[in-house]
Amino acid sequence: MCNAIWLAVLLLPLVDLGFWGWNSSVGATPQPQKVSGGPWEALQRQKRNWVWNQFFVLEEYTGTDPLYVGKLHSDVDKGDGNVKYVLMGEGATSIFTIDENTGDIHATKRLDREEQGYYTLRAQAVDRDTNIPVEAESEFIVKVQDINDNEPKFPDGPYTAAVPEMSPLGTMVVQVAATDADDPTYGHSARVVYSIVHGQPYFSVEPKTGIIRTALPNMDRERRDQYVLVIQAKDMIGQMGGLSGTTSVTVTLTDVNDNPPRFPHKPYQCSVNESLVVASEVTRLKAEDADLGSNAEMDYRIVDSDGPGMFSIATDEKTQEGVVILQKPLDYETKNTFSLRIEATNRNIDPQFLTFGPFSDTVTLKVNVKDVNEPPVFATALSKMVVSEAARVGTTIGVVSARDPDSANSSIRYSIDRNTDLERYFNVDAVSGIISTAKALDREVNSVHNITIFAIESQDPSQVGRGLAVITVMDINDNAPVFAIEYETLVCENASPGQVIQTISAVDKDEPPGGHRFFFTLASPAVSNQNFTLRDNKDNTASVLTKRGGFRRREQALYQLPVLIIDSGSPSLSSTNTLLVRVCDCDADGVPQACGAVAHTLPAGLSTGALLAILACIFILLVFVLLIVMMRRRRKEPLILEDERDIRENIVRYDDEGGGEEDTEAFDMVTLRNLNIMRDPKVRRDVTPETPTFFPYPPSTASRAAYKMLPDNVLFREFIWDRLKEADVDPSAPPYDSLQTYAFEGSGSVAESLSSLESLSSDSEQSYDYLSNWGPRFKKLADLYGNMEGNSIFS
C-alpha cells in the first residue's frame with residue numbers, strides 16, 4: 001500500500017506534464033484547423049496515431065508483483081481484439097513485458113540505476129490475424145528513477161598526511177574526497193557533507209570541501225607525534241535517513257628545531273692515565289636534544305681551560321657526542337688535574353623558535369690524571385759524540401744520563417742494545433752511563449755509529465727507556481796513497497825522447513780537512529834509469545815521459561817503473577806503486593798494433609793462424625781425454641760382474657742355503673784355487689784401496705805352485721788371512737772384509753740341504769736326532785724335527 005502511494009506521488013507531476021502516451025480519443029489536445037469555404041474558417045482537430053513520452057520506473061523495487069510502467073494505446077484499437085501490441089528493444093521480454101491486448105507495460109525484474117540508467121524500446125501495433133502493422137513503429141525511453149541506495153565512499157582512503165609541529169591554528173593538513181554513486185541531478189542522494197568522528201579537538205574538517213586543518217596551536221611532536229582521525233561523509237546533505245561512509249587519516253607531526261641542547265649531568269668528571277698517547281680519546285660527553293635529524297646536530301667547543309692546548313673536542317657525526325682528544329703529553333708529576341668548560345650549540349637554528357631559549361648549553365669537565373710507572377727518560381734523546389779512530393781501547397767517548405720521571409725516583413742502570421752494535425765497538429758503564437771504546441776503530445770501515453742505549457729502572461726492570469747516541473769517528477792519516485786505477489801504459493818502438501806516455505793520479509782513503517795533496521817521484525831503484533822519467537804536475541797528477549827512443553820489443557817488451565807517492569798528512573804516508581810499461585809496434589800515427597814479447601821464428605810455410613789452429617785442436621783433444629778419464633774413474637761397477645771376472649766374495653746373499661760341495665752355483669771353487677788371478681789387484685772387483693799393500697805376493701811361479709799344492713782348508717785359511725791383513729793395513733778404507741761372503745760349506749757335509757720345502761710331503765722316516773748335538777743355533781730345528789713321533793707338526 002505504501003509503495004503504491006509513493007508511486008502515485010512520484011507520477012502525479014508527470015501526468016500534468018503529459019509524460020504518458022495518449023491516443024486521439026483519450027487526453028489528446030485538439031488543435032484547430034481552418035476550413036475553407038466560408039468567411040470564417042472552421043477549426044478541425046488534427047488526428048495523430050502515437051503520442052510518446054518518457055516512462056519512469058523506480059530502481060530497487062522490492063514488491064512481489066511486476067512493477068507497472070505505463071500503458072500504450074492506439075486509436076486504431078476499437079476494443080474488439082483485432083489489434084495486438086508488440087514491444088521490442090533493450091530489455092524487451094527479459095525485463096519489460098507488454099500485454100498484447102491492453103498495451104500495459106510492466107517491469108519484471110528489480111532495476112539498478114547505477115548499472116543502467118535508461119532503456120530504449122520500440123512499440124508497434126499489428127493486426128492480430130495477419131501481423132500486418134496498423135501503426136508505424138515508434139521508439140520511446142524507459143528511464144530508471146534514482147533512489148538513495150548508495151553510501152558515500154572514499155576511493156583514495158585511508159589517508160596519510162604530515163604537518164610540522166608547532167604549526168599555527170588552521171594549518172591545512174590534507175583534503176579528503178568521497179564519491180556517491182547515486183544520481184547527482186535528482187534530489188540530494190549524491191550531495192555529501194563531511195564531519196570528523198574521531199580526532200577532536202586537535203583537528204577539524206570543512207563540511208563541504210573535506211579539507212582537514214589543525215584545531216589546536218603549538219602541537220608538540222616530542223609529546224605526541226601521531227594522530228589517527230576518522231572522517232565521515234554523509235549524503236542527503238547530512239539529513240536524517242542519509243547514508244554515510246568513513247575513512248581514516250593518519251597525521252604525523254614532523255620535527256622542527258624547537259628544542260635547545262641540554263647537558264643531563266653537571267659537572268662531568270673523568271680519569272685518564274698519564275701514559276695516554278697523544279691524539280687518543282680522553283672521554284665523551286653528549287648534550288641531549290629532543291629533536292631529530294639535522295635539528296639535533298650540534299657543535300662542541302672548549303670555551304675555557306686551565307691547560308691551554310692540552311685538549312681539543314670534536315663532534316661524532318653518528319652519535320652527536322663530543323669527543324675530547326688529548327693534544328699534548330700528560331705528566332702526573334707536573335699537573336694531575338685539568339678543568340675544561342665545554343659548550344654545545346645547535347648547528348641548524350630556526351629563527352622563529354629563538355624565543356624558546358638559547359640553543360646552546362655549557363658544562364664543566366674535570367679531567368683527573370692518574371700516575372703510572374713510566375720508563376726512564378734521557379736528558380737528551382739524541383747524544384752526539386766524537387772519537388778519533390786512533391783512540392785506544394777503553395777511551396772515554398761521552399756520557400749519557402737518564403732519570404726516573406716518577407716520584408719514586410728509582411736508580412737507573414745502562415746498557416747498549418747490541419743489535420745496534422753487532423761488532424761490540426763500545427761499552428757503557430751500567431751506573432755512570434760513560435760510553436767508552438771496546439775495540440779499535442777504523443773510520444774507513446765505518447765513520448758513524450748509531451747505537452741505542454737502554455736505561456732500566458732498578459726496582460722495575462720492565463720499565464726501559466731508550467736513547468740514541470751518534471758517535472762520529474774522526475779521521476787520522478793512516479792510509480797511504482795508491483794509484484787511482486790500474487794503469488795500462490804503452491810505449492811505441494818509434495817513440496821519441498821526452499814523449500808523455502802516461503798521466504797518473506792517486507787516491508787516499510783518508511779525508512784530510514784541507515783536501516788531498518800528493519807528491520810523485522820515481523822510487524830510488526829507478527831514479528837513474530835511462531828509459532823513463534817522472535814529472536810531478538803539482539795538481540795531484542804526474543806524467544811519465546820517455547828519456548830515449550828506439551825501444552825494441554825483441555830486446556825488452558816490458559818495463560817496470562816503481563813510482564813513490566807521498567801524501568800531505570801529518571805524519572805523511574807513502575807507498576810505492578809499480579807502473580808496467582809495454583813496448584808496442586805502432587803505425588805511422590802512433591796507434592799500437594802489437595804489444596808484448598815477440599814470438600819465436602815460425603817454420604817456413606807455417607803461418608801464425610795455422611799454428612794457433614793446431615794448438616786449439618791439441619787443447620780440445622786433451623780436454624776430451626781428461627773428461628773420459630774422469631768419467632771412467634767415477635763410473636760405478638755393476639753389481640753382477642762378467643763371468644770371466646766374477647769373484648763371489650764381493651756378492652752378499654742371504655737367501656741361498658747352499659748345496660754342499662757340489663753346489664757350484666753358490667761359489668766357484670776354481671776361482672778360489674786360482675791364486676794367480678786372486679793375487680792380481682787389477683782383477684779385484686770390490687773397492688780397491690789406494691794404499692799399496694805391505695804384504696808382497698809370491699815372487700815367482702814356483703811359489704804360486706806351492707800354494708796350489710796346499711790342502712783346501714789351509715789354502716782358504718791363508719787366503720782369508722791375507723785379505724784381512726790387506727784391509728787392516730789400509731787406513732783410508734772401511735773394513736772390506738765386512739763386504740765379503742764365503743759360501744763354502746766345506747767337504748763331506750752331513751747336513752746336505754736344510755730346506756724344509758719337501759719335508760711335509762716326504763714319507764721318509766729319517767731321524768733328525770743329531771740336530772740336538774749341533775749346539776744352540778740348531779736348537780729350534782732340533783725341537784721341531786728331533787722327535788718326529790711325539791713332535792709331529794700334524795699331531
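Analyst: Buried here means under 20% relative accessible area, exposed over 50%, and partly exposed in between, with a 1.4 Å probe and protein chains only. The model is a predicted one, in which local features need pLDDT of at least 70 and side-chain atom pairs count only at pLDDT 80 or more, while totals for chains, interfaces and linings use all residues. Residues are numbered from 1 along each chain as its sequence is written, and side-chain values use heavy atoms, with hydrogens and water left out.

The structure holds 2 disulfides, a disulfide being a pair of cysteine sulfur atoms within 2.5 Å. In one of them, Cys-584 and Cys-595 have their sulfur atoms 1.8 Å apart, and the link is right-handed, with 105° about the S-S bond. Cys-584 lies in strand E38 and Cys-595 in strand E39 (residues 592-595), so this pair ties together parts that are 11 residues apart in sequence; strands (E, at least two residues) are DSSP runs, numbered from the N terminus. Cys-584 counts as buried because its relative accessibility is 0%, whereas Cys-595, at 35%, counts as partly exposed.

The other link joins Cys-492 to Cys-586, with an S to S distance of 2.0 Å, and is left-handed, at -85° about the S-S bond. Because Cys-492 lies in strand E32 (residues 489-492) and Cys-586 in strand E38 (residues 574-586), the pair ties together parts that are 94 residues apart in sequence. Cys-492 counts as buried at 13% relative accessibility, and Cys-586 counts as buried at 12%. With bonded cysteines counted along the chain, the disulfides follow the pattern 1-3, 2-4.

Note on methods
Helix = DSSP H or I, 4+ residues; strand = E, 2+ residues; numbered from the N terminus.
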